[in-house]
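Let's take a friendly walk through this model, from the overall build of one chain to a few local details in both. Here is what we will be looking at.

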Amino acid sequence: MDNDVKEYKQHLLRAIQLFSGSVSIMEVCGTHTMAIAKSGIRGLLPPNIKLLSGPGCPVCVTSQGDIDAVIVMVQHKDIILITFGDMMRVPGTHSSLQEERSRGADIRIAYSPLDALRVARDNPDKEVVFLGIGFETTTPTIAITIEQARREGLNNFSVFSLHKVVPPALELIFSDSEIKVDGLLCPGHVSAVIGVKTFGSLARKYHKPCVVTGFETLDILEGIYMLLQQLKKEEARVENQYSRVVKPEGNPIACQSMERVFQPVPARWRGLGMIPASGLQLREEFSDMDARKRFDIPEIEEIPIKGCACGEVLAGKITPLECVLFGQACTPLNPVGPCMVSHEGSCAAYYRYIPTKGRS
Amino acid sequence: MTQERILLAHGSGGLMSQRLIDEVFKQAWRNEIMEAMLDGAILQVPAGRLAMSTDSFVITPLFFPGGDIGKLSICGTVNDLLACGATPLYLSTAFIIEEGLPLADLRVIAASMAQTAREVGVKLVTGDTKVVEKGSADGVFINTTGIGIIPADIDYRPQRIQPQDQVIVTGCVGDHGLAILARREGLAFSTPVVSDCAALIQLREIISQYGNAIRCMRDPTRGGLATVLNEIAVQAGVGIHVKEADIPVAPAVQGACDLLGMEPLYMANEGKMVIFVAAALAQSLLNDLRRLPQTQAASIIGQISAETPGMVLIETELGAQRILGILEGEHVPRIC
């Protein structure tokens with residue numbers, strides 16, 4: 001059995017290597033980026049098949065201004081901030097959550113938003129804010145948490161929503177003439193929630209094939225192979241390689257919970273700029289739990305980090321290796337930009353797995 | 001009948017401390033050096049170089065499939081001494097006990113230490129017990145410090161590693177880390193995973209026949225195989241190139257790790273050794289190791305390269321080469 005799988009992978013790899021046209025394929029999801037780097041697929045592809053990393057790491061695409069806004073909130077308000085661990089080290093313009101914690105801010109790491117509710121229950125005299133970040137995969141759990149807080153009548157709990165949805169960003173990438181992408185490995189986990197239809201419409205509208213793909217080495221090889229077959233036949237539709245997890249209709253219950261709590265708003269993405277209807281804000285009936293409004297946190301203007309090319313990396317315009325800071329001034333221990341911080345960031349994936357000369 | 005438990009008074013230094021030491025520790029560990037009951041142990045040691053190693057054990061749970069904190073506290077320090085090329089001789093131990101620990105648990109732990117020490121041929125010669133308030137520790141923390149004698153011709157410093165040397169791991173990796181995680185999180189797998197917790201004393205017999213053809217040894221505990229390889233690559237200033245397919249991982253461990261999103265190469269081991277050996281003798285050493293029950297799954301996993309100094313590269317199942325990095329942050333806490 002094991003040997004059969006091994007042989008099948010080699011067979012797929014050879015079939016991919018035989019493809020003659022010149023193509024750029026974007027893997028949208030950060031988990032794909034990690035899996036590709038870890039298996040070494042990129043290094044085994046011929047030069048005519050290019051794999052680009054997309055804007056699929058929620059920490060990475062969070063704009064500098066939004067990070068600064070969160071830092072302003074913990075500096076000026078007497079709150080307990082609950083966050084996923086990845087956000088701690090992301091550098092803001094002048095500080096990071098990690099630095100703020102060392103200066104005395106009460107910032108705690110949680111693995112589930114429901115942990116934040118527990119903190120809110122245990123600290124009725126304190127304001128507890130959950131830093132909501134993530135795509136369609138994580139947003140439903142935050143939505144459920146917000147509804148739970150409402151049911152319990154917890155009036156010291158709120159969410160600072162940096163949530164985003166993936167399809168508008170992909171639409172932007174497809175329509176940007178500067179970004180050359182011929183096909184997409186679509187995010188398996190996001191698709192498990194929203195289904196495959198949206199990607200089908202994108203494929204038809206921009207005439208680019210899309211394959212919803214899983215995260216094992218075998219899945220990714222199959223995904224690439226399926227994309228190449230479509231390109232060869234000049235087809236452009238959505239295919240579901242990850243059908244063992246992704247149902248065509250997605251997960252309607254998760255989608256409904258998101259829709260009950262959140263509404264789409266324009267959002268700024270690092271590297272891609274303002275994208276209409278790509279952010280999620282708490283709906284009017286939950287606006288008392290919207291930390292941005294509750295604590296009156298202003299929009300903060302984006303100050304780009306000098307020399308940092310995370311924006312170009314996220315848009316698939318360059319690979320991390322082309323950034324002058326990569327591996328020198330910017331490493332996982334001393335990250336300059338978010339793509340080096342998040343464990344799903346493209347730069348972290350390249351740094352962690354791809355042998356390059358001259359790294360410090 | 002109420003269960004007897006450790007009280008703060010057991011750490012007072014008075015009568016109750018005395019009784020605890022007499023009834024639990026001295027009884028289990030009986031030897032003439034300890035029984036002298038001096039403020040310290042007076043040891044007769046052969047001439048030569050001494051190796052000394054210390055380790056503290058804070059594992060939770062105290063009892064796990066394949067061992068307990070007592071056995072672990074002996075094996076851990078003994079293996080460290082073995083990795084230095086030493087024959088372990090004497091151990092000291094210090095207990096920090098949380099008020100309320102069932103006395104029966106402490107007896108089992110002391111007996112387990114005694115048995116492991118006997119099997120290995122080391123003596124527990126001096127010790128200390130402290131009791132802290134409930135909540136200030138978690139059951140019991142144990143420190144052991146050991147000394148051993150290094151034969152005159154043996155030198156296992158990483159700097160002796162040469163290009164072309166082969167890298168051997170003495171068995172499947174990741175068992176201990178996963179066994180602890182599974183027990184702690186209440187995960188049940190169809191094939192139970194058991195810790196590899198063991199003192200690798202039998203290894204010494206084999207190793208000693210190879211003299212300085214053995215360049216260096218390390219036991220891959222916290223941070224696992226990947227972390228040890230990285231440490232050695234930096235210390236020796238060499239590149240280490242390994243093959244994923246040649247690294248032995250038990251199918252149950254691989255399956256469970258896949259499920260949990262963890263990597264066996266970063267999971268702790270408590271009964272394995274990584275051996276760097278001259279290429280000419282690698283196969284012979286491997287054959288010898290495979291004859292021992294403890295090391296029958298030993299495998300040559302890679303070799304030393306003069307290129308890419310300080311870096312560990314792994315050939316993936318697809319045949320691509322990538323970096324095998326050092327453990328960053330996320331791991332399973334309190335596994336030893």
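## Ground rules

Helices (H or I, at least four residues) and strands (E, at least two) are DSSP runs, numbered from the N terminus. By that count, chain B has 9 helices and 13 strands.

Please keep in mind that this is a predicted model, in which local features need pLDDT of at least 70, side-chain atom pairs count only at pLDDT 80 or more, and totals for chains, interfaces and linings use all residues. Residues are numbered from 1 along each chain as its sequence is written, while chains are lettered from A and ligands numbered from 1 in the order in which they are written.

## Chain B overall

Chain B has a radius of gyration of 21 Å, close to the 20 Å from the globule rule for 336 residues, so it is as compact as a globular protein of that length. Here the radius is taken over C-alpha atoms, and the rule is 2.2 Å times the number of residues to the power 0.38. The C-alpha trace spans about 65 × 50 × 30 Å along its principal axes.

Of the 336 residues in chain B, 48% are buried. A residue counts as buried if 20 or more other C-beta atoms lie within 10 Å of its own, as exposed if 12 or fewer do, and as partly exposed in between, with C-beta atoms placed from the backbone.

## A parallel sheet in chain A

Chain A holds an open sheet of 4 strands in the order 4-3-5-6, with parallel pairing. Its edge strands are strand 4 and strand 6 (157-161), each pairing on one side only. From one strand to the next the twist averages 25°. Two strands pair if DSSP finds at least two bridges between them.

How many residues of strand 3 (79-83) of chain A are buried? The count is 5 of its 5. In a regular strand the side chains alternate between the two faces of the sheet. On one side of strand 3 sit A:Ile79, A:Leu81 and A:Thr83, on the other A:Ile80 and A:Ile82, and all are buried. Strand 3 of chain A runs parallel to strand 5 (127-132) over 4 bridges, with A:Ile82 partnered by A:Phe130. Strand 3 also pairs with strand 4 (106-109) of chain A in the parallel sense over 4 bridges, where A:Ile80 is partnered by A:Asp106.

## Two helices in chain B

Helix 3 (69-83) and helix 4 (103-120) of chain B have axes that come within 7 Å and cross at roughly 35°. Axes are lines fitted to C-alpha atoms, for helices over the stretch in contact, and angles run from 0 to 180 degrees between N-to-C directions. Residues of helix 3 including B:Ile74 and B:Val78 meet residues of helix 4, among them B:Met113 and B:Ala117.

## Backbone details

The peptide bond from B:Thr60 to B:Pro61 is cis, with omega near 5°. B:Pro61 lies in the loop between strand 1 (49-57) and strand 2 (63-64) of chain B.

A:Asp296 has a positive phi of about 55° although it is not a glycine. This residue lies in the loop between helix 14 (291-294) and helix 15 (310-314) of chain A. A:Asp296 is exposed, with 10 other C-beta atoms within 10 Å. In chain B, B:Gln164 has a positive phi near 80°, and B:Gln164 is exposed, with 12 other C-beta atoms within 10 Å.

Key:
Two residues are in contact if their C-beta atoms, placed from the backbone, lie within 7 Å.
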